[in-house]
Amino acid sequence: MNVFLKTIVVIFVMTVVLLFIQFFIAGMVGKKNPLRLFRNMLPAYMTALGTQSSAATIPVTLEQTIRNGVRPDLAGFVIPLCATIHLSGSTMKIVACSMAMMSGMEINFAQFAGFIMMLGIAMVAAPGVPGGAIMAALGLLQSMLGFDETAQGLMIALYIAMDSFGTATNVTGDGAIAVIVDRINSGK
């Protein structure tokens, strides 16, 4: 239980760091204040905390992205697309949870790097519903990391307990991606 509690704290800190990195890059590329961009996305973050669903948060994420100066037509394309393929928070949570589950075991770097790469591909197919990412990752956890049914059940429980933080990170980061795509697409 102590390991799981530490994992939750570490994952929360990692999601905050990830969001600041994403918005710092978006601010640099879009030539906008990253803290203002992030602050404008907080309603999407809070909505995702409550719904645990990227799909259900699309209207709020879209509205806040437009408030960040992204053209409505471009935001209308990027936000729904990212809601299904940009799962950086969920991917990070699955990696951290699987490492926590493997604590005390020897972790082969090459094997884990392969798992992370395959997980990135599998997350493109994950549905934007609560728990969708972990369900898409179960086959990889079993085949690449050797997780049995008990370990998979624990992974599901740990993941679902923190699903709102990963989803909030995903949808908030979608706003950063939209700022970058808007800047690239504007040609300025």
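User: How much space lies in the largest cavity?
Analyst: This is a predicted model, in which local features need pLDDT of at least 70 and side-chain atom pairs count only at pLDDT 80 or more, whereas totals for chains, interfaces and linings use all residues. A search of the whole structure finds one cavity of 30 Å³ or more, a cavity being a set of points on a 1 Å grid over the protein atoms alone where a 1.4 Å probe fits but cannot get out. With volume taken as the space filled by probe spheres set on the points, the largest cavity holds about 70 Å³.

User: Which helix gives the most to the lining of the largest cavity?
Analyst: The lining, meaning residues with an atom within 4 Å of a point, comprises 16 residues, and the closest to the cavity centre are Ser54, Ser90, Pro127, Val129 and Thr167. At least two lining residues come from each of helix 8 (132–145) and helix 10 (163–186), helices being DSSP runs of H or I with at least four residues, numbered from the N terminus. The most, three residues, comes from helix 10.

User: Which residue forms a salt bridge with Lys93?
Analyst: Residues are numbered from 1 along each chain as its sequence is written, and side-chain values use heavy atoms, with hydrogens and water left out. The structure holds three salt bridges, each a side-chain nitrogen of Lys or Arg within 4 Å of a carboxyl oxygen of Asp or Glu. In one of them, the closest N and O atoms are 3.6 Å apart, and the partner of Lys93 is Asp163.

User: How far apart in sequence are the parts that Lys93 and Asp163 tie together?
Analyst: Lys93 is buried at 0% relative accessibility, and Asp163 is buried too, at 1%; buried means under 20% relative accessible area, exposed over 50% and partly exposed in between, with a 1.4 Å probe and protein chains only. Because Lys93 lies in helix 6 (residues 88–101) and Asp163 in helix 10, the pair ties together parts whose separation is 70 residues.

User: Is Asp182, which meets Arg71 in a salt bridge, buried or exposed?
Analyst: The N to O distance between the side chains of Asp182 and Arg71 is 2.7 Å. This pair links distant parts of the chain, 111 residues apart, with Asp182 in helix 10 and Arg71 in the loop between helix 4 and helix 5 (72–85). Arg71 is partly exposed at 32% relative accessibility, whereas Asp182, with a relative accessible area of 10%, is buried.

User: By about how many helical turns are Glu63 and Arg67 separated?
Analyst: The side chains of Glu63 and Arg67 meet in a salt bridge of 3.6 Å, N to O. Glu63 is partly exposed at 43%, while Arg67 counts as exposed at 52%. Because these residues are four apart in helix 4 (residues 54–67), their separation is about one helical turn.

Notes
On a 1 Å grid over the protein atoms alone, a cavity is a set of points where a 1.4 Å probe fits but cannot get out, and a pocket is an open set with protein on both sides within 12 Å along at least five of seven lines; lining residues have an atom within 4 Å of a point.
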